[in-house]
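Hi,

Here is the model I said I would pass on.

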Amino acid sequence: MSDPSIPVVCLNDVSSHDEAARMRASTALREAFGTYGLVYVTGHKVSRDALRPFYDAFRSFVAKPVEQKTACRRASDWYQRGWTPANTETAVAAGGQPDFKECYFASPSPRDASYAAQYPELYPENVWPEPPVPGFKEEYLQLGTSLHEAGLTLLIAAARALDLPEDTFTRRIAGGAHVTRVLDYLPLDASQVGSGILWGEEHTDFNLLTLLPGGQFYSPEGEPSARPDDQSGLYLRTRATPEFPQGRRVRGAVPEGCLVAQVGQQLEILTGGRFLATPHEVTAPGVPGWSRLSSAHFVHMAPNEVLFPLEPFRDPDAVAAYAPPVLAGTYAIKTLVDIGLAPRAALDKLGYRHYDRLDAMKSAER
Ligand SMILES: [Fe+2]
């Protein structure tokens, strides 16, 4: 089902000096993030016309010889920059099946040298294709920057919606490992259609807030097209209620011209569950040969911020649900291991790792 009751927030209302407009935005956001875990956003600076050339540029990268794409592959940086091949990442929440997609990561934000020294794999330098794909880098950084600006404004509205100081969330993201991703969901062949292959398995995002500017389907002939059938696209699962203990499965029917903003796990934790990280999935079409491009910008908390319910939400249930407190950066490392992008050995960094020094000293005694 599609749900027309998911609220729309206008960023101009958030920035307005008119108290009624601000109130309108806060009320809509409280309902949207509290009930659905996402909101539709107008008043942003992301133009649909700019998305098309960006997606076309990424499609020409995906069509490059695999050697050129592999040159942009950064497994040692846990795929946090450059090209991620198909069947690399898995979702945690469901069955753990690898997703049927290729993607690319780059950050539009200035790189914080201090955090980069502490968390090198979360803050690699951007990597770009060689030879350059015309327009790709420029369109990419522009899109990421515009989505990030929208995210900052929404985080102010989110704080107001919960009667918190309005910089509650924005001051926690300064220097965060924000990253923009573009994805190419791969076409299925006739034998794969209906076989259970998912473009994106049901999951929740592990960051603070995700901004989605909208996807684009491509026909088997490579033409930008409307979606080929009713089953393909973005679906989300609403909060469990006594009436719907499994939540309700709702199609993301985004109003024309709107972005989508989704609550991530970090925002759920800080708010003690007042705002909900929404499970979502991307289903593949029931017809062969169709692909879909989409992109997302992930706003992260700064890595040394503590992830634990904020004081006003720290009731016994929230403490039980979200304890122990952890740093956002160590939370990211754990999650990247869970989804198959970082090696398990990365977890060794989360405790003391110089026990071998004692062994070396003892052996020197002999
Ligand atoms: Fe997601």
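Below is what I found, taken one region at a time.

Two bits of housekeeping. Residues are numbered from 1 along each chain as its sequence is written. This is a predicted model, where local features need pLDDT of at least 70 and side-chain atom pairs count only at pLDDT 80 or more, while totals for chains, interfaces and linings use all residues. Helices (H or I, at least four residues) and strands (E, at least two) are DSSP runs, numbered from the N terminus.

Let's start with a helix pair. The axes of H3 (residues 48-62) and H6 (residues 136-161) come within 9 Å and cross at roughly 130°. Those axes are lines fitted to C-alpha atoms, for helices over the stretch in contact, with angles running from 0 to 180 degrees between N-to-C directions. H3 and H6 are therefore oblique to each other; under 35 degrees would count as roughly parallel, over 145 as roughly antiparallel, and 65 to 115 as roughly perpendicular, with the rest oblique.

On the H3 side, Ala50, Pro53, Phe54, Ala57, Phe58 and Phe61 meet Phe136, Glu139, Tyr140, Gln142 and Leu143 of H6 (contact is C-beta atoms, placed from the backbone, within 7 Å). The residues of this contact divide into 9 nonpolar, 1 polar and 1 charged, with Ala, Val, Leu, Ile, Met, Phe, Trp, Tyr, Cys and Pro counted as nonpolar, Asp, Glu, Lys and Arg as charged, and the others, Gly among them, as polar.

Next, H9 (residues 328-338). Its buried residues are Ala328, Gly329, Tyr331, Ala332, Ile333 and Leu336 (buried is 20 or more other C-beta atoms within 10 Å of a residue's own, again placed from the backbone). They pack against helix H7 (265-270), strand S15 (306-307) and strand S16 (326-327). Just after H9, Gly340 takes a positive phi of about 85°.

Finally, the sheet. It is open, with 4 strands in the order S6-S13-S10-S11 and antiparallel pairing (strands pair if DSSP finds at least two bridges between them). S6 (200-203) and S11 (249-251) stand at the edges with a single partner strand each, so one side of each has no neighbour in the sheet. The twist averages 25° from one strand to the next. S6 is joined to S13 (residues 280-283) by 2 bridges, and Gly200 stands opposite Val282.

Cheers

Notes:
Contact = placed C-beta atoms within 7 Å. Buried ≥ 20, exposed ≤ 12 C-beta atoms within 10 Å, placed from the backbone.
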